[in-house]
Structures are given as C-alpha cells and as structure tokens.
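Hi,

Here is the structure I promised to pass on.

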Amino acid sequence: MLTSLKYCNSLTEYSRFITREVNIGDLKMGAHNPIRVQSMTTTDTMDTIKTVEQSIRMIDAGCELVRITAPSLNDAKNLELIKKELKARGYNTPICADIHFTPNAAEFAARVIEKVRVNPGNYADKKKFEVIEYTESAYAAELERIRERFTPLVKICKEYGTAMRIGTNHGSLSDRILSRFGDTPLGMVESALEFLRVCEDHNFHNIVISMKASNTQVMVQAYRLLVAKMMETGRNYPLHLGVTEAGDGEDGRIKSAVGIGTLLEDGLGDTIRVSLTEEPEFEIPVAKQLADRYTQRKEHQRIKEYTSELPYNPFEYDRKKTKEVINLGGHHVPRVIADYSMKNEVTAASLFAIGLNYSVPLDKWNLTDSAADYVFLGDNTIKFEIPGTLGLIYNSQTWLNNKNQRQAYPLFCGEEYFNSAEKSEYLNFIAIDIHTLTQSFIDKLKNEANCCLVLDSFNLHTMPELRRMCIELKLNEVKCPIIIKCNYKDLNESQFQLNASTDLGGLLLDGFGDGIWIKQKDCVNTQVCNSTAFGILQATRTRISKTEYISCPSCGRTLFDLQETTQKIRERTHHLKGIKIGIMGCIVNGPGEMADADYGYVGTGVDKISLYKGKEVVKKNVNSANAVDELISLIKENGDWVEKPL
C-alpha cells in the first residue's frame, strides 16, 4: 500500500511542525515557543485551599499550566477564588477549566480564567451507545443543534481573550460520531473539526486541539490524521499531546512515552500532559524529560531524504509481513533479545533478571511471562544447560567454537555474512546500519532463506534512521525478519525508559519489527532493561505479557481513592495475563474507555461503583467496600479467571 498523505514536515530530518501562537494569559504556546508542560489537580475543586496547595506543588515542579475540573457551575465559580488565592501567594500560572456536560460552567469559567477545555463528545451530547441512521438533513440538523449550544462559549472566549482546548477523547465519542464514522481515529478527528468549524465561523482561533486515547495505536493515528487534515486545509493549531488513562509506575511512564514520544519524534506537539495514576506533581518530571530531549535534536546526523510515497499506511496499524525463520517473523509475536555481552561471566543465576528462574531442587527452569527469547553473549560462553525456549547468539567467530551447542546462532556484521565460509543452517543474525544498506547488499539479501536482520543506529535521531532502513527493506521486498536495536549509555533509569519507549515504540506502532534488542551501558540493571522491553511491547499492544490497567489519573470528579483502589485491584488480578481492566474515577470517559477494556470499575456516586463487561454495565451501584470482590466474581462468571500460580 502506498500512502502520499503527509502528516509531518519530514520523516528523516527533525523539523517541528510550526503551529499558530496561542495566548493563555501570559503563557505563549505553539509557534516557536518551547514545548509546554502541564498537569491536572486531583483535589475537590470546591476545596480552595487544598486545590491551591496542590497547584503550588505542581507549579514548583515545573508545571506551566494548571488544569482544574469544573463539573458544575459552583465549581466554575470557585475557580475565581482559587486564582485569587494563587495570586495572593505569588503564583500567576494560568488555569484551564476542564469541562464535561456543563456548558454553563464553561461559559462562567471563560470569563474568569485563562483557558477552557471542552470535550466535543459530551459538551452537547449524552452517550447512550445507540446506533442511529442519519439522513443528510437529520445530520445537518444535529450539527446546527451543536452550533447553537457551543456558540455562546466561543463568543465569550473571543470577547475575554480566553484560550480554548478542543479535546477529543477516544472513550467519549458521541453516538452521532460513532454512528457515522465508527470508533476510529477519523471519528475522533471529525468530532474535533465539527467544533473547530464553529470557532472559525466566528473568527476565533485561540485554540489548542488534542486527540487522546488509552490505546497508543489509536492515539498516534488520530494525531497524525488530524495534522494531515490541517495541512490539507491550511490550518496549524497547536497540539496538546497525551495518552489517557496511562496508569501508574513503570507501565504508565512507558505507555506515555510510546504515545507522546512517537509524535515528538516527527516534530508534532506543543504541550504535554503525562496522565499517571499518581500525585500530579510526579507527572511533571516525566513530561519535562520527554520534551527536553528535543532541545538538541536539530544537530543530528543527516539521514537520506525519503521522497517517494510511503509503502505503508501511517494512519492504520498493520504488522509488516516477514517470513518465518525458526520462531522469528511470520505470525510470531515480537521477540526480546537480552544483551549479556558486557558481563564478565554468565551464570544460571544471572538469567533470573530476564525472567528465567532455575530451581535447584527440581533441576528445572521456570519461565515467567516476561522471559527473554534470546541472549546475545558476544564472546562470552554458557557452560550449563539452558531452557529449550532460549536462543543463544554469539559473535560469529565465537560461534564457530560453540556451534554444536543447542540453540546457538551466529551474529555477522554486514558483508561478513556473505564472505563467511561457515554459517548456521538454521538461523543467522546479520547486524547492519544505514551505511551497510546499499542496493547491492539488499539484492543479495533477497535470496537468503535463514537470516534475521539486526538494524542498528547510533544517530541522535535514532528512530527515523531505523524507520528509514525499515522502509527501504519493505520497498525492496526483503522478507527477512527484523530485529530493531537501540543503544543507550550514561542515562538514569527514568531517561532510559522514556528514550527506549520512544525510539522502539514509534517503530512498533508503525508495524515494523519482529523483535527488539536494547543495549545499555551504565544505565540500568539487566532486570530493568528486560522489564522495559516487555513494557514497550505491551504498551504498543504488539505482545501482551501481563494484565493491562487502563487507569485514569485522579481529578476533582473522582468518586473514590483511585490510587488505593488501583493497587487493590492490581494485587488481586495482576496474574491475569492479557486481560484489560479499566479503572475510572467517574463517568466522564468510563463508558467509552470500557469498550477498549475487558472489564471496568467506574465510580458513579459516593461509595458507589458500576461494573462493566466491555462497554455494557452489568452491575450498578455496588458498594465500594465490596466492589473489588464483585469485580473478581464478574471475571470468574465470564470464564476469564485463573488462580494465581504458587
């Protein structure tokens, strides 16, 4: 499939998509301004002091825009008091009101603070999961209804100089949009454009747009499609980037970096919000690290420009087809290669770090769901029996002395493979970089039946150079499986996880890669490296190895302690590999996000929970004291429960 629709300035050179400048009080966003960092309070908006004190913690951590929920008119009115108290304490950071369902709250807030966020899915619509067949005239009448509901806010924002974010959420698309466009990235874009056209008709352009989803594939595709539509129509509104309901801890950070980082790599994004189920001030350092990586990106080594049409569709996920070689490529999930080449000695105990646990009393290996598939030993050797699932990769010359070892394979460097007199009859790895990938080299590869390519890059602009290689191989119809390798050194653990998630995640979301190999020096221990690799595969939904929690960050709408509840549910269900559980503090995105989860736990009132199977409510008004037990019962009733292994 060839795709000519453009969604960024360049696929090979770091070039930021220059948007129009938007004023949010004294804060300037978009154009050539830095990528702004923001977060959202989790306190009750009516509690002025708690909200102010939490806002100050966020601002002191580097937050440049404080978002506060305003679920009612009274909450919106209290934003004025919060703003006054912040100013009295010496803080002038602009405030954004987060609005769902309540136009009157938005209209009041727009008069007293700097920015208002509206969700086009629920500002003028209520979700009933109804499929409606619209005639053209009926659909036009619906658009006119929305225009009448939305226009007063547009006029107020224009009069008061208030900025607006049109924030589409995958989980809260209206029934009208779903009926016409489906649960798709296109539906998300069209939802925002309907509201944007109303703004433009009133000559109001102080607007930021977002396309957020908990599914990173959908999120990236929606932002790309939005930019493509803007480029086609001469628009250039700033982009607010974020992955909704990313979760907490390592998983939340990796998932956020996969989605946000993939877009930043192509120069998209003017402000970042990392949504973690943690205190909001903990989101800021993560967002700053993601943004700060691009302050030096313009100095990267030049990559050959890509001028022809793309041989894949960047607006849809489609795993690139490669041939099967042993357990690589073909229908197999992406494999993980652990790097042990820099270790002084490789022992059975050292493999515990990559999910391979040897039991001495039982004399057997136990494999976790995050067990690496291959180990690169370099010139090291293994002198003990390995599990039957583990492949060993040696440097080619060292392999000659170990070629009779079970599951041992050589790694050649580029042309060395074709010049070698002795190769494995089963599987050979060939390490190549952008300079190796000449046309003559590519032509020779086409005739090779048992090779796996290891694509390597040391370019500061790593992901686009690796992508350039993947595209070249696809255009030339080279069917060898591909391992994507990234190299890191001298980073702290957080930087390592975010960088690796960005570089590898972007390629996996485009359907490239039959495996990943992360080489790190003086960054993190082997266990963190392995966990990060599996976390990236999970976040891109290319290989599921654990339970996924679609867990929203708390806000003033949250009807229970989200962090505590998430931990309780995790403790009871973390062994349910492949199950997706949505944990939502309120109803705003609950029903829609449940469509992307297998089971849902949603706050619907004080101490009251509704439980979902998919998008369907199956139990209403469950007492929160019993809700986790009821969730477990629901999972059991549907045959998805397994007991925890001893």
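**What I found**

Let's start with strand 8 (residues 207-212), which is mostly covered, with six of its six residues buried (buried means under 20% relative accessible area, exposed over 50%, partly exposed in between, with a 1.4 Å probe and protein chains only). Strands here are DSSP runs of E with at least two residues, helices are runs of H or I with at least four, and both are numbered from the N terminus.

Before going on, the ground rules: this is a predicted model, where local features need pLDDT of at least 70 and side-chain atom pairs count only at pLDDT 80 or more, while totals for chains, interfaces and linings use all residues. Residues are numbered from 1 along each chain as its sequence is written, and side-chain values use heavy atoms, with hydrogens and water left out.

Back to strand 8: both of its faces are covered, with Ile-207, Ile-209 and Met-211 buried on one side and Val-208, Ser-210 and Lys-212 buried on the other. As for its partners, strand 7 (residues 163-169) runs parallel to strand 8 and is joined to it by six bridges (two strands pair if DSSP finds at least two bridges between them). Met-164 is the residue opposite Ile-207 of strand 8. Strand 9 (residues 239-241) also pairs with strand 8 in the parallel sense, over two bridges, and there Leu-239 is the bridge partner of Ile-209.

Next, a helix pair. Helix 13 (residues 462-475) and helix 14 (residues 493-509) pack at an angle of about 30°, and their axes are 9 Å apart (axes are lines fitted to C-alpha atoms over the stretch in contact, and angles run from 0 to 180 degrees between N-to-C directions). The two helices are therefore roughly parallel to each other, a label for angles under 35 degrees. Helix 13 brings Thr-462, Met-463, Leu-466 and Arg-467 to the contact, and helix 14 brings Thr-502, Asp-503, Gly-506 and Leu-507 (contact means heavy atoms within 4.5 Å).

Glu-477 counts as exposed, at 60% relative accessibility. Asn-621, in strand 25 (residues 616-623), is not a glycine but has a positive phi of about 55°. Asn-621 is exposed too, with a relative accessible area of 52%.

Cheers

Conventions:
Parallel < 35°, antiparallel > 145°, perpendicular 65-115°, else oblique.
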